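Work through the exercises below with the sequence and the coordinates side by side, and try each task before reading its solution.

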Amino acid sequence: MFFFFFNEPDEKNVTRYESVSEATLSIIQDMMDKVMDRVLVSDPFVTEKHRANKPLYAALVPDEIFKGSHFERRFVTPFGSAWEKLAVAVGKVYYGHCIKGCTIEGSVGEESLRRIQEVLNRLEHGFDGKKRLKPSWNEELTYILEGGGEPIPVSVTCDILIKSERTGKNYAFELKGPLPNSDQTKVSKEKMFKLLAMEGHPIDETFYTLPYNPYGKKENYNWSFPNRWFNMKEDKSVLIGEELWDFIGGAGTYQNFIKEINKLGKHYKERIYREFLGIEPPEGFDKDTLK
């Protein structure tokens, strides 16, 4: 027996979009408009305040450097939630049902739970003078599922849940930033194991996902922290960038996403130069696009 508990508002009150393009434009534009309102109206960079609070910094470094940092801090935080909103919106367009913050309650065998902790410990630490193990999703999952044992109640909250009207399957996603830390990756892997080991199989597949790849191609991904827990280049449970968005929204979703982002980029870069920095955009300011 298992139960789904949705932490989001009723879906009737959540915006539905007709296409991936509409979802991308609406969500990113809404976020950027709020950022611009904050840095221009409700929380602008005040030179006099900066100089009064940090006179040493002001004496050594141009004000414009800290003005840029002021903008960055107010941009990075909301963009984290924008990825989840975008995934939910796109997933609804393609699969019919997609939500964030879903808690799944069920039971996992006692021996399977023990094996989950064993696998995680062996990935984190060496044993008996041996080096820590290298991650191998298929081998680890097979070992855990063979454990079984007396059912123990567990509760897992996944970042994104898709209940597909296309395939009849349920997919759970852990959606992290492109450079996640070790602790949050470990927690995600533990959650994924528990979901797949849960009696009744409420989840058909789980994925550890990153919205884009700062290293370009998947085979070049080399951020050390998640590499301790997953084979980021080969594990089928890892989706990065294009393969994530094409899974959630269907083939071509990522390219569509890039096209829409680049449309918005020119508009907001021009506004930031003129309205926030107070300078004219340099020649070629719109040439640096997402690829």
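**Exercise 1.** In which loop does His-201 lie? State also whether His-201 counts as buried or exposed.

Solution. The model is a predicted one. His-201 is placed in the loop between α7 (182–197) and β5 (205–210). Most residues other than glycine have a negative phi. For the second part, the cut-off for exposed is over 50% relative accessible area, and His-201, at 56% relative accessibility, therefore counts as exposed.

**Exercise 2.** Check what the end-to-end distance of helix α10 should be, and find where α10 is kinked.

Solution. Begin with the length: α10 covers residues 253–276, which is 24 residues. The expected span uses 1.5 Å times one less than the number of residues, so α10 should span 34 Å, and the 32 Å between its end C-alpha atoms agrees with that value. Next, follow the axis, which has a kink of about 25° centred on Gly-265. Then turn to the side chains: the buried residues of α10 include Phe-257, Ile-261, Leu-264, Tyr-268 and Ile-272, and the buried residues of this helix pack against α1 (20–42), α4 (63–95) and α9 (242–249). Finally, α10 is followed by Gly-278, which has a positive phi, near 70°.

**Exercise 3.** Describe how α1 and α4 pack, giving the angle and the distance between their axes.

Solution. The angle between the two helices is about 160°, and their axes are 9 Å apart. Angles over 145 degrees count as roughly antiparallel, and α1 and α4 are therefore roughly antiparallel to each other. The crossing is right-handed. On the α1 side the residues that meet α4 include Val-20, Ile-27, Met-31, Val-35 and Val-39, while those of α4 that meet α1 include Phe-71, Phe-75, Pro-78, Ala-82 and Val-93.

Technical notes
Residues numbered from 1 in each chain as written. Predicted model: local features only at pLDDT ≥ 70, side-chain atom pairs only at ≥ 80, totals over all residues. Heavy atoms only, no water. Helix = DSSP H or I, 4+ residues; strand = E, 2+ residues; numbered from the N terminus. Bend = angle between axes of the 7 residues up to and from the residue. Buried < 20%, exposed > 50% of the residue type's maximum accessible area, 1.4 Å probe, protein only. Contact = heavy atoms within 4.5 Å. Axes fitted to C-alpha atoms, helices over the stretch in contact; angles between N-to-C directions. Parallel < 35°, antiparallel > 145°, perpendicular 65-115°, else oblique. Left-handed = near helix turned anticlockwise from the far one by under 90°.
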